[in-house]
Structures are given as C-alpha cells and as structure tokens.
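Me: I have a chain on screen and want to walk through its fold. Can we take it in short questions and answers?

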Amino acid sequence: MPADLSPIDKAKFAAARRAVDLIEDGMRVGMGTGSTAAWMVRCLGERVRQEGLRLQGVPTSTRTADLARQVGIDVVSLDEAKWLDITIDGADEFDRELNLIKGGGGALLQEKIVATASDQMVVITDASKEVNHLGAFPLPVEVIPFGWQTSRALIEELLESMDVLGRQTTLRLNGSQPYVTDEGNYIVDLHLNRIGNARQIALVLNQIPGVVENGLFIDICDMVIIGGSDGKVEI
Ligand code: 5RP
C-alpha cells in the first residue's frame, strides 16, 4: 500500500487491490471511472508491468483511458473487445441486493454499457457507500442538450407519481456552465432521498424523450468488495 494515504484512500486501495487479484492473463477487462476505480487501474498497471500480464482494457471515460495508458495497460474500445470477462468499477451507493447508484463522476452511460457487456461486474468501495435504501445520493440522469429543460420538466412530472421522498432536480454544473459528459450530454441530478421501487424508476426514466440513461444499476453487479482502512476487505 502506498504510504501516507488517508483512511478513506486506504479503504479504496484495499478493495481495488483485492479486485485486481481476480484478473487472469488474457482477460478483457472493463475499467470504471472515479477515485476508487483509479486505484484499480494503477494496481492493474503494476501487475502488467511486474508480471507481464496481457490484457485488453476497455475504459469507461477519457480520464480512465488516459490513466490506463500512463500505467501501461493496452487500451481498446468496447467494439474491438466486443465482450468482456470482467468489469471493475466504483459506486456511489449499493444496497444488500447489490443494486447501485452510479454516475457521481459523470460517466454512467459508458459505465452501464461496459458493465452490461461483461460476464461479471465487480464493485469496489469503502463501507460508507452501503445503504438500506438507495436514494440519499442524488440519482444522475444523462439527457441530451437539445430540449434538456423539457426533459427535466418531464422527469419532474414523472416523479410526482413515483415512490420517492424527494422530488428536487438540479442541472449538474462545471463552474457556471453545464457539466458535459464524454458523450456531449448534460446530467440532471435527482434528489430523491429514498427510492422505493428502484427497478421501476430505472425503467420509466429511460422512456422519457431526451433521457439517454440513468444511474440506477439494477441486477448488473455480481460482487461488491468493501475495503477497510485497516487494509482488510469484505466480499
Ligand atoms: C463515476 C462513478 C463512480 O464510480 C462513483 O462516482 C464513485 O466514485 P468514487 O470512487 O470516486 O467515490 O459512478 O461515474
């Protein structure tokens, strides 16, 4: 473990290091986005350099692609790899059924496509992300810029009829400008506080014109590795 890490980074590192042990020579690996996934990419790069591990890495953002190249991982597109053995990614929240909220880092669209195209999705996290009910973390919804205010109004109308506690929505900003995803879209964050029926909300949100994808990952994750600041992990 690198020296001088904060307790939270120690936990993220421990989970990432354990997840990288799942990677075998020749695998096609989906690489998530965020600070926890960045530890995984660094650990994977170390195995590539030290053990000569051969793999194809499919990144879920330009940030992850840049880091993966820096640490010596062979980066390919999802279309080149076609299907992946495993994807390792972080999450903003997970529950006991291994359903997730993702997209705090703005990469939910590529993350969901890549995770869904994998035999196995492994989430790496610290214990603070575990919840009884999803929804305390704002749910990101990616919308196309054309008519985004109409899409947002339709989302708010939909929330009126859904099993949620909060209904406020905010456009994600980068300074004073809208945050723009790698796909050139905007993100509307839904402050729901508690999501009663995550499966239903995930489905109906994607029916709204202009909505590209939402950050609810239902029945996608197969395993959660929870790192502790003492370096131990729980699976
Ligand atoms: C990015 C994500 C990240 O996995 C999520 O936000 C967790 O990030 P971190 O590991 O930095 O806490 O979904 O879109």
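**The edge of the sheet**

Reply: Ile226 stands opposite Glu234 in β15. This is a predicted model, where local features need pLDDT of at least 70 and side-chain atom pairs count only at pLDDT 80 or more, while totals for chains, interfaces and linings use all residues. Residues are numbered from 1 along each chain as its sequence is written.

Me: In which sense do β14 and β15 pair?
Reply: Helices (H or I, at least four residues) and strands (E, at least two) are DSSP runs, numbered from the N terminus. Two strands pair if DSSP finds at least two bridges between them. β14 and strand β15 (residues 233–234) have two bridges, and the sense is antiparallel.

Me: Which residue takes a positive phi in the hairpin of β14 and β15?
Reply: Five residues lie between the strands of this hairpin. The one with phi near 90° is Gly231.

Me: What is the bridge partner of Ile124 in β14?
Reply: Strand β6 (residues 121–126) runs parallel to β14, and five bridges join them. In β14, the partner of Ile124 is Ile225.

Me: How many residues of strand β14 are buried?
Reply: A residue is buried if 20 or more other C-beta atoms lie within 10 Å of its own, exposed if 12 or fewer, and partly exposed in between; C-beta atoms are placed from the backbone. Strand β14 covers residues 223–227 and is mostly covered. Of its five residues, the buried ones number four.

Me: Which strands stand at the edges of the open sheet?
Reply: Six strands form the sheet, with mixed pairing, in the order β2-β1-β3-β6-β14-β15. Two of them have a single partner strand each, so one side of each is left without a neighbour in the sheet. They are β2 (56–59) and β15.

**Helix and ligand**

Me: What covers the buried residues of α1?
Reply: Helix α1 is mostly covered, with 10 of its 14 residues buried. Among the buried ones are Phe13, Arg17 and Val20. Contact means C-beta atoms, placed from the backbone, within 7 Å. The cover includes α2, β3 (86–89), β6, β14 and β15.

Me: Which helix gives the most to the shell around the ligand?
Reply: The ligand has 18 residues around it, the closest being Gly34, Thr36, Gly90, Gly104 and Gly105. A residue counts as near if its C-beta atom, placed from the backbone, lies within 6 Å. α2 (35–51) and α5 (108–116) each supply at least two residues of the shell. With three residues, the top contributor is α2.

**Loops and overall form**

Me: Is Asp219 buried or exposed?
Reply: Asp219 lies in the loop between β13 (216–217) and β14. Its phi is near 60°, a positive value in a residue other than glycine. With 11 other C-beta atoms within 10 Å, Asp219 is exposed.

Me: Where is Leu98?
Reply: Leu98 has a positive phi, near 65°. Leu98 is partly exposed, with 17 other C-beta atoms within 10 Å. Its place is the loop between β4 (93–94) and β5 (100–101).

Me: What is the radius of gyration of the chain?
Reply: The chain has seven helices and 15 strands. The globule rule (2.2 Å times the number of residues to the power 0.38, with the radius taken over C-alpha atoms) sets the comparison. It gives 18 Å for 235 residues, so the chain is as compact as a globular protein of that length, with a radius of gyration of 18 Å.

Technical notes:
Two residues are in contact if their C-beta atoms, placed from the backbone, lie within 7 Å.
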